[in-house]
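Please consider the structure shown below.

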Amino acid sequence: MSTLAGDFWVCGDCRSINNAGARQCYNCRTPRDRAAVDPESIDPSSHGPLRTIELPAFKGSRWAAALASILILAVAVMSIVQFSLGRQLVDYQARGIATAEDYAYVGSIIIVAIGIALLVAAAANGGGVLGFLLGGLFIALGVGRITLLRKGRR
Ligand SMILES: [Zn+2]
């Protein structure tokens, strides 16, 4: 009985026998570190789960989901703004009155849009600090440029 010990592990939840290298139960997908039971300790006369499987602590992702929804709306608004600005720029180009500021302005809007998209990606992934940092930097850069352009016009 114990000749195979070490070459396999037994799932505590569904009693399936798994290869020693398997990282999760082939049958019920419970991770090995939560499910593995020492085969020597199993009472063959018993039935059902060998032990209660502890689930990982619940990590709420609601705030990230809500944030992602709001940011996706922001992306939609930004693409409308970009579209109308882009059309305006094309119109200015056609009439030959497009200035360097106009291009810089549209460029800045695009930078802000990239920043918001980065925030969406970060929120959708459950909130990576680097993603939020990068998104915030992009938005700050774009908004800063727009502010400078506005001041320069006056
Ligand atoms: Zn299992």
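The following questions and answers set computed values against definitions.

This is a predicted model, in which local features need pLDDT of at least 70 and side-chain atom pairs count only at pLDDT 80 or more, while totals for chains, interfaces and linings use all residues. Residues are numbered from 1 along each chain as its sequence is written.

Q: What makes up the secondary structure of the protein?
A: The protein has four helices and three strands, where helices are DSSP runs of H or I with at least four residues, strands are runs of E with at least two, and both are numbered from the N terminus. Along the sequence, the pattern reads β-β-α-β-α-α-α.

Q: Why are α2 and α3 called roughly antiparallel?
A: Helix α2 (residues 62-95) and helix α3 (residues 100-124) pack at an angle of about 160°. Such angles run from 0 to 180 degrees between N-to-C directions, with axes fitted to C-alpha atoms over the stretch in contact. Angles under 35 degrees count as roughly parallel, over 145 as roughly antiparallel, 65 to 115 as roughly perpendicular and the rest as oblique. The two helices are therefore roughly antiparallel. Their axes lie 9 Å apart.

Q: Why is Y92 described as partly exposed?
A: A residue is buried if 20 or more other C-beta atoms lie within 10 Å of its own, exposed if 12 or fewer, and partly exposed in between, the C-beta atoms being placed from the backbone. Y92 has 14 C-beta neighbours inside 10 Å and therefore counts as partly exposed. Y92 is placed in helix α2. Buried residues make up 14% of the 154 residues in the protein.

Q: Which residues does Y92 touch, not counting those up to four places away in sequence?
A: Y92 touches I97, A98 and D102, a contact being a pair of C-beta atoms, placed from the backbone, within 7 Å. The C-alpha atoms of Y92 and D102 are 8.9 Å apart, and the two residues are ten apart in sequence.

Q: What makes up the largest nonpolar core?
A: A nonpolar core is a set of buried Ala, Val, Leu, Ile, Met, Phe, Trp, Tyr and Cys residues joined through C-beta atoms within 7 Å. The largest one has eleven residues, including A68, L71, L119 and F138. Helices α2 and α3 are the elements that give two or more residues to this core, and α3 supplies the largest share, eight residues.

Methods:
Contact = placed C-beta atoms within 7 Å.
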